[in-house]
Amino acid sequence: MNISELLSLISKKIGKPFSQSDLARGLSVTRQTIYNRTKNNSEITISELKKIEKYLGTTLLEDVSNNNFAKVNFYPDVFASCGSGIIVFSEEKEELSLPKSLIYDYSESKNYSMIYAKGDSMSPYINDGDRLIIEHIENNEIIDNKIYVFCYQSEIFVKRLLKNIGELIIKSDNPNYSTKVLKSEDLNEVRIIGKIVGIVRNI
């Protein structure tokens, strides 16, 4: 849920307009901070929702759930490489509420998270700085030509994957990057984290 969606939800909940200035007071931040976050389409965290609930003396989390929002773990310090691999140094997370409409084929039974993309090898479909919504999978089964986040030799990548007999073909959408083929002896080092089912892009 972004700032604009939250303001609309609160206004409807309390029956009168709730402004950016009101939100700034509730979160104990400056109005400029709220303005900048609105401009950047920044999501509200669950902890911020709880703070606003306390400020207003009312509930919001239940309304968020009932308004077709999904809870997603966001890892702001984790980057999936759209070029060469990225080594992950931090896995601190925060819980966000995102519109279910952003998630392709959303299901209550599936687990989702969100991380940043780094690099341009998957452009124009994925750009540097995009936030990627991942549907987690419990095994290494893939669907040919879908985009996955995976770990290989302790580094995280986001690429289009195809299976062949005893091979995994790793493709970039950007034609300036070459296709990589992993043979059977390398496949034990591959762990599929999940499939890309949504992209959050600042406009």
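This is a predicted model: local features need pLDDT of at least 70, side-chain atom pairs count only at pLDDT 80 or more; totals for chains, interfaces and linings use all residues.
**Stop 1: Ile52**

Select Ile52. You will find it in helix H4, which covers residues 46–56. Is Ile52 buried or exposed? Its relative accessible area is 1%. Buried means under 20%, so Ile52 counts as buried.

Now show what surrounds Ile52. Setting aside neighbours within four places in sequence, Ile52 is in contact with Ile10, Leu23, Gly26, Leu27 and Leu60. Keep Leu23, Gly26 and Leu27 highlighted, as they return at the next stop.

Ile52 and Ile165 are 113 residues apart along the chain. Their C-alpha atoms are separated by 54 Å.

**Stop 2: helices H2 and H4**

Select residues 20–27, which form helix H2. Show H4 alongside. How do the two helices cross? Their axes come within 9 Å and cross at roughly 100 degrees. Angles of 65 to 115 degrees count as roughly perpendicular, and H2 and H4 are therefore roughly perpendicular to each other.

On the H2 side, pick Asp22, Leu23, Arg25, Gly26 and Leu27. On the H4 side, pick Glu48, Lys51, Ile52 and Tyr55. Colour this contact by residue type: 4 residues are nonpolar, 1 is polar and 4 are charged.

**Stop 3: the rest of H2**

Stay on H2. How many of its residues are buried? The count is 6 of 8, so H2 is mostly covered. Select the buried ones: Gln20, Asp22, Leu23, Ala24, Gly26 and Leu27.

What do these buried residues pack against? Show helix H1 (3–14), helix H3 (31–39) and H4. The buried residues of H2 pack against each of these helices.

**Stop 4: the largest pocket**

Move on to the largest pocket. It holds about 300 Å³ of space. It has 16 lining residues. To find the centre, select Val78, Glu91, Ile156, Arg191 and Ile193, the closest lining residues to that point.

Which elements give two or more residues to the lining? Show strands S1 (69–81), S4 (112–118), S5 (131–136), S6 (146–152) and S10 (190–200). S10 gives the most, with 3 residues.

Finish by colouring the pocket lining by type. Here 11 residues are nonpolar, 3 are polar and 2 are charged.

Key: Residues are numbered from 1 along each chain as its sequence is written. Side-chain values use heavy atoms; hydrogens and water are left out. On a 1 Å grid over the protein atoms alone, a cavity is a set of points where a 1.4 Å probe fits but cannot get out, and a pocket is an open set with protein on both sides within 12 Å along at least five of seven lines; lining residues have an atom within 4 Å of a point. Grid points are joined across faces, edges and corners, and a volume is the space filled by probe spheres set on the points. Helices (H or I, at least four residues) and strands (E, at least two) are DSSP runs, numbered from the N terminus. Ala, Val, Leu, Ile, Met, Phe, Trp, Tyr, Cys and Pro count as nonpolar, Asp, Glu, Lys and Arg as charged, and the others, Gly among them, as polar. Buried means under 20% relative accessible area, exposed over 50%, partly exposed in between (1.4 Å probe, protein chains only). Contact means heavy atoms within 4.5 Å. Axes are lines fitted to C-alpha atoms, for helices over the stretch in contact, and angles run from 0 to 180 degrees between N-to-C directions. Angles under 35 degrees count as roughly parallel, over 145 as roughly antiparallel, 65 to 115 as roughly perpendicular and the rest as oblique.
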